[in-house]
Amino acid sequence: AAAAMAAQRGTEEMRDRVVLGEFGVRNVHTTDFPGNYPGYEDAWDQRRFEEAFRVDVIREEEGSLEFDMVGIDAAIANAFRRILLAEVPTMAVEKVFVYNNTSIVQDEILAHRLGLIPIRADPRLFEYRNQGDEEGTEIDTLQFQLKIKCSRNPQAAKESSDPNELYFNHKVYSKHMTWVPLGNQTDLFPDADFRPVHDDILIALLRPGQEIDVLMHCVKGIGKDHAKFSPVATASYRLLPDITLLQPIEDEAAEMLQKCFSPGVIEIQNIKGKKVARVANARLDTFSREVFRHEGLKNLVRLARVRNHYIFSVESTGILPPDVLVSEAIKILMGKCQRFLNELDSVPME
Amino acid sequence: VQADGTDGNCVTFVLHDEDHTLGNSLRYMVMKNPDVEFCGYCITHPSESKINFRIQTRGALPAVEPFRKGLNDLMGVCQHVLNTFEVRLFLKSAGT
């Protein structure tokens with residue numbers, strides 16, 4: 001009976017924990033497909049999934065969001081992460097028409113820098129530009145102008161060497177970019193204020209007599225095409241850590257154990273005069289595996305991760321709030337499925 | 001989408017403009033189907049964005065059926081995730 005219990009614990013572990021050993025990681029791949037484990041009901045059941053699935057929003061700040069998804073598999077969580085990075089569309093500067101650039105920043109470098117500036121414009125209000133369309137219509141293009149000239153300050157003191165005093169407009173910031181409405185955009189977006197997300201991005205430096213006069217077209221694009229279109233600073237996930245103490249650990253060993261993990265993970269309690277270690281909050285750990293460097297401790301602890309508990313962290317560049325980004329990413333995955341379903345239905349298979 | 005195979009049970013779908021994002025998640029949903037004997041996908045060449053998605057079924061079920069069911073299940077999952085996420089956000093913002 002004991003052997004059967006151990007075997008069952010072993011399969012449970014194989015099914016829902018990814019174990020970090022001293023020299024490698026075990027049980028990495030999902031194995032709970034129908035037929036692999038006798039006695040387990042693994043076929044897809046939407047109702048069972050809905051009962052087990054939950055989302056917890058841990059922290060929501062203005063630019064970043066941390067939330068948990070429990071009960072989902074790696075393939076789908078990774079799909080959301082990939083879509084957040086590469087397939088949620090945004091608006092960014094694509095074409096730069098240079099009328100005059102006498103600064104020392106070359107045209108193409110200037111254009112590259114302008115493309116990377118995040119533009120506060122909701123991409124859902126715009127369409128993609130048609131292929132081969134060079135002009136751009138009002139429904140798919142935003143026009144910005146950057147026109148700035150540096151001049152000498154006649155009131156500056158004679159011996160001053162501070163450029164802030166000597167020159168006007170010698171630093172070109174993103175706040176100098178102004179929106180030029182095309183066509184009927186003033187009617188379509190009466191109270192919209194299209195500008196770069198941050199006003200203090202330094203684009204170029206000028207000296208007296210140099211000027212920059214460019215017109216920029218912003219189009220809608222996705223991160224797969226060029227990284228400037230990616231709406232997130234980064235989007236990542238990690239699995240929930242799971243630390244189990246295989247034997248009670250006391251006194252000095254407990255102190256050493258507490259030092260091996262990130263602060264707050266292991267706490268020491270005083271039970272009947274002896275110091276006993278207990279796992280307080282495994283979630284905080286960053287898994288540096290320091291435990292495996294101590295001969296006495298390495299066999300007393302099992303480091304693992306819970307296979308279907310994902311801690312997502314999404315940081316937005318400011319174009320769209322991170323919760324909107326996650327919703328858009330999920331909708332994009334649905335859109336992909338729908339596209340193939342439509343194709344399946346429309347094209348007869350031979 | 002193109003399909004070819006020996007008989008209706010083993011079909012390789014060629015999905016254009018797709019990569020691991022849809023490939024891996026769809027493979028997971030199709031593998032959860034007990035009628036499927038084999039399911040896998042591969043990227044033919046990293047410079048071209050198309051994947052070969054192969055399904056082999058047990059018995060006489062035509063392979064298009066698990067493919068369609070997998071897509072529908074994946075849509076169901078996404079819909080439920082979206083609903084749960086939005087409800088959670090609403091509750092959190094309503095609570096504060």
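In the predicted model, A:L146 is in contact (heavy atoms within 4.5 Å) with A:L114, A:V172, A:H176, A:M177, A:I203, A:I212, A:D213, A:V214 and A:M216, leaving aside its neighbours within four places in sequence. A:L146 lies in strand 7 (residues 142-149) of chain A; strands are DSSP runs of E with at least two residues, helices are DSSP runs of H or I with at least four, and both are numbered from the N terminus. A:L146 is buried, its relative accessible area being 0%. The term buried denotes under 20% relative accessible area, exposed denotes over 50%, and partly exposed denotes values in between, with a 1.4 Å probe and protein chains only. Between A:L146 and A:M216, which stand 70 residues apart along the chain, the C-alpha atoms are separated by 8.0 Å.

Residues are numbered from 1 along each chain as its sequence is written, and chains are lettered from A and ligands numbered from 1 in the order in which they are written. As this is a predicted model, local features need pLDDT of at least 70 and side-chain atom pairs count only at pLDDT 80 or more, while totals for chains, interfaces and linings use all residues; side-chain values use heavy atoms, with hydrogens and water left out.

The largest nonpolar core contains 66 residues, of which A:F67, A:M69, A:I72, A:F80, B:F53, B:F67 and B:V81 touch the most other members. A nonpolar core is a set of buried Ala, Val, Leu, Ile, Met, Phe, Trp, Tyr and Cys residues joined through side-chain atoms within 4.5 Å. Helix 8 (residues 322-346) of chain A supplies the largest share of this core, with 12 residues. Another core, of 28 residues, lies apart from it and includes A:L146, A:L166, A:F189 and A:L206. In chain B, residues up to four places away in sequence not being counted, B:F53 touches B:V11, B:T12, B:F13, B:L15, B:G23, B:L26, B:R27, B:V30, B:C39, B:G40, B:Y41 and B:F67.

Helix 8 of chain A also packs against helix 3 (residues 74-86) of chain A: the two axes come within 9 Å and cross at roughly 110°. Helix 3 of chain A is therefore roughly perpendicular to helix 8 of chain A. Axes are lines fitted to C-alpha atoms, for helices over the stretch in contact, and angles run from 0 to 180 degrees between N-to-C directions; those under 35 degrees count as roughly parallel, over 145 as roughly antiparallel, 65 to 115 as roughly perpendicular and the rest as oblique. From helix 3 of chain A, residues A:A79, A:F80, A:I83 and A:L84 meet A:L325, A:V326, A:A329, A:I330, A:I332, A:L333 and A:K336 of helix 8 of chain A. This contact has 10 nonpolar, no polar and 1 charged residues, where Ala, Val, Leu, Ile, Met, Phe, Trp, Tyr, Cys and Pro count as nonpolar, Asp, Glu, Lys and Arg as charged, and the others, Gly among them, as polar.

The loop between strand 14 (211-221) and strand 15 (232-245) of chain A holds A:P231, which is buried at a relative accessible area of 1%. Residues up to four places away in sequence being set aside, A:P231 touches A:L84, A:L85, A:V88, A:T90, A:S316, A:T317 and A:L325.

A:P208, in the loop between strand 13 (202-205) and strand 14 of chain A, is partly exposed at 29% relative accessibility. Neighbours within four places in sequence aside, A:P208 is in contact with A:C150, A:S151, A:R152 and A:Y167. A:Q155, in the loop between strand 8 (151-152) and helix 5 (163-166) of chain A, is exposed at 68% relative accessibility.

Most residues other than glycine have a negative phi. A:N169, however, is not a glycine and has a positive phi of about 60°; A:N169 lies in the loop between strand 9 (167-168) and strand 10 (171-173) of chain A and is partly exposed at 39% relative accessibility. Phi is likewise positive, near 60°, in A:R289, a partly exposed residue at 26% relative accessibility.
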